[in-house]
Amino acid sequence: MRIGQLADQAQVPIDTVRYYERAGLLQAPDRSAAGYRLYDGASVHRLRFVRRAKRLGFSLDDIAELLRLSDRRGDIAGVRATAQAKLSEIEARIVELSRIRDGLSRLVDACPGHGDAADCPILGALNHDVPEQDRYS
């Protein structure tokens, strides 16, 4: 199949197919006599794998590792370790986002929404020289 057909079946834009090829996540395909890229069903499966892994938050490096582990068909300890590392990273981001949400919520609650900008608690917090880790807590 040609690149447009592959993109349709994998539900990604054509540019994404090319990008994943350049990133090494998708093997460079054979080419027709006319120079068109020709893909097989395994390319559709691989592209869907990448798309699903991206939705779960895996980076391209993580996905490359998962693909290597999948291609080897060996022990799944490496797969679990990669997924556990991603889960830990996501949990840390949730904690950080919660902290930011709480700080921003306090600032929004403190802002009357009218009056002089010099009295705005939001602008005051953004202009105040406080170490970033302490700024919104």
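Helix 3 and helix 4 (60-72) each supply at least two residues of the lining of the largest pocket. The model described here is predicted. Helix 3 gives the most to this lining, with five residues. The space in the largest pocket comes to about 400 Å³. In total, 17 residues line the largest pocket. Nearest its centre lie Gln27, Asp40, Ala42, Ser43 and Arg46. By class, eight of the lining residues are nonpolar, four are polar and five are charged.

Serine 43 is one of the residues nearest the centre of the largest pocket. Its place is in helix 3, which spans residues 41-55. The relative accessible area of serine 43 is 11%. Buried means under 20%, so serine 43 counts as buried. Beyond residues up to four places away in sequence, serine 43 touches Leu6 and Leu26.

The aromatic residues come next. The structure holds one aromatic pair. Its members are tyrosine 19 and tyrosine 20. A pair of aromatic rings is described by the distance of the centres and the angle of the planes. For tyrosine 19 and tyrosine 20, the centres are 5.9 Å apart and the planes lie at 55°. Planes under 30 degrees apart count as stacked and those over 60 as edge-to-face, so the pair of tyrosine 19 and tyrosine 20, at 55°, is tilted.

The two members of the pair were also assigned by accessibility. Tyrosine 19 has a relative accessibility of 40%. This value lies between the cut-offs of 20% and 50%, so tyrosine 19 counts as partly exposed. Tyrosine 20 has a relative accessibility of 8%. That is under 20%, so tyrosine 20 counts as buried.

A further ring takes part in an arrangement with a charge. The charged end of arginine 2 sits over the ring of tyrosine 36. The distance to the centre of that ring is 3.7 Å.

Alanine 85 was examined in helix 5, which covers residues 77-110. The relative accessible area of alanine 85 is 47%. Exposed means over 50% and buried under 20%, so alanine 85 is partly exposed. Alanine 85 and aspartate 62 are 23 residues apart along the chain. Their C-alpha atoms are separated by 9.7 Å.

Key:
Residues numbered from 1 in each chain as written. Predicted model: local features only at pLDDT ≥ 70, side-chain atom pairs only at ≥ 80, totals over all residues. Heavy atoms only, no water. Helix = DSSP H or I, 4+ residues; strand = E, 2+ residues; numbered from the N terminus. Buried < 20%, exposed > 50% of the residue type's maximum accessible area, 1.4 Å probe, protein only. Phe/Tyr/Trp six-rings, centres within 6.5 Å; stacked < 30°, edge-to-face > 60°. Lys NZ or Arg CZ within 6 Å of the ring centre and 35° of its normal. Contact = heavy atoms within 4.5 Å. 1 Å grid on protein atoms, 1.4 Å probe; cavity = no way out; pocket = protein on both sides within 12 Å on 5 of 7 lines; lining within 4 Å. Points joined across faces, edges and corners; volume = space filled by probe spheres on them. Nonpolar A, V, L, I, M, F, W, Y, C, P; charged D, E, K, R; others polar.
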